[in-house]
Amino acid sequence: MSNNAKAKKLDWIVVPGGPGLSSDYLRQGLSKLQPHYKLHFYEPYGSPNSSRLAQVTIADLINQILEVADQNKLEKFGLITHSFGSYLAMRLLQGACQKVTALIMLSPMPLVFKNWQNVLEGIGSQIPAAL
C-alpha cells in the first residue's frame, strides 16, 4: 500500500498554531487540499472558541490532543501541525506516545531553542509598544 493510500485511511488531528489560535484558519484550506483525509479539527484551550480560556499550561494542551483522540475513539492517528502546534506535537512525542503514527508539520517552528528564541524576539520587536 502506498504512503498516500495509508494517509487517506488514517485519522488526522489538526493542531493549530498559537498559543491561543482557533483552528478556523486551517479548516477551509486543509479540507480542500486533502478532501479524502479524515481530519479532526478542535479548539485548543485558550483560543477564542474554546470553553476553557484561562490558566492553560503546555501539559493541558498536550493532554487535549489525546482527549480529542479519545473522544473520536482513535487508537492510532496522525498529526497535522502548524507553528506552535508543531512544538506541542514534539512534546507529545517526547512522552513516547504510541498512538501517533504519522506527522506532517506545516511551517514548523525552529526546533533549536536559540533559533526559537530569535524568532520570538523578531515577532515581539514588530508589535507596537501601545499593544
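Student: How many cavities of 30 Å³ or more are there?
Tutor: Happy to start there! This is a predicted model, where local features need pLDDT of at least 70, side-chain atom pairs count only at pLDDT 80 or more, and totals for chains, interfaces and linings use all residues. Residues are numbered from 1 along each chain as its sequence is written, and side-chain values use heavy atoms, with hydrogens and water left out. A cavity is a set of points, on a 1 Å grid over the protein atoms alone, where a 1.4 Å probe fits but cannot get out, and by this rule the count of those of 30 Å³ or more is 1.

Student: What volume does the largest cavity have?
Tutor: Grid points are joined across faces, edges and corners, and a volume is the space filled by probe spheres set on the points. For the largest cavity this gives about 70 Å³.

Student: How do the residues of its lining divide into nonpolar, polar and charged?
Tutor: Lining residues have an atom within 4 Å of a point; among them are Val15, Tyr42, Leu61 and Phe84. Ala, Val, Leu, Ile, Met, Phe, Trp, Tyr, Cys and Pro count as nonpolar, Asp, Glu, Lys and Arg as charged, and the others, Gly among them, as polar. The division is 10 nonpolar, 2 polar and no charged.

Student: Why is strand β1 described as largely enclosed?
Tutor: Strands are DSSP runs (E, at least two residues), numbered from the N terminus, and buried means under 20% relative accessible area with a 1.4 Å probe, protein chains only. Asp11, Ile13 and Val15 cover one side of β1, with Trp12 and Val14 on the other. β1 is largely enclosed by the rest of the structure because its buried residues number 5 of the 5.

Student: Which residue of β3 stands opposite valine 15?
Tutor: Two strands pair if DSSP finds at least two bridges between them. β1 and β3 (residues 77-83) run parallel and are joined by 4 bridges. Opposite valine 15 is threonine 81.

Conventions: On a 1 Å grid over the protein atoms alone, a cavity is a set of points where a 1.4 Å probe fits but cannot get out, and a pocket is an open set with protein on both sides within 12 Å along at least five of seven lines; lining residues have an atom within 4 Å of a point. Buried means under 20% relative accessible area, exposed over 50%, partly exposed in between (1.4 Å probe, protein chains only).
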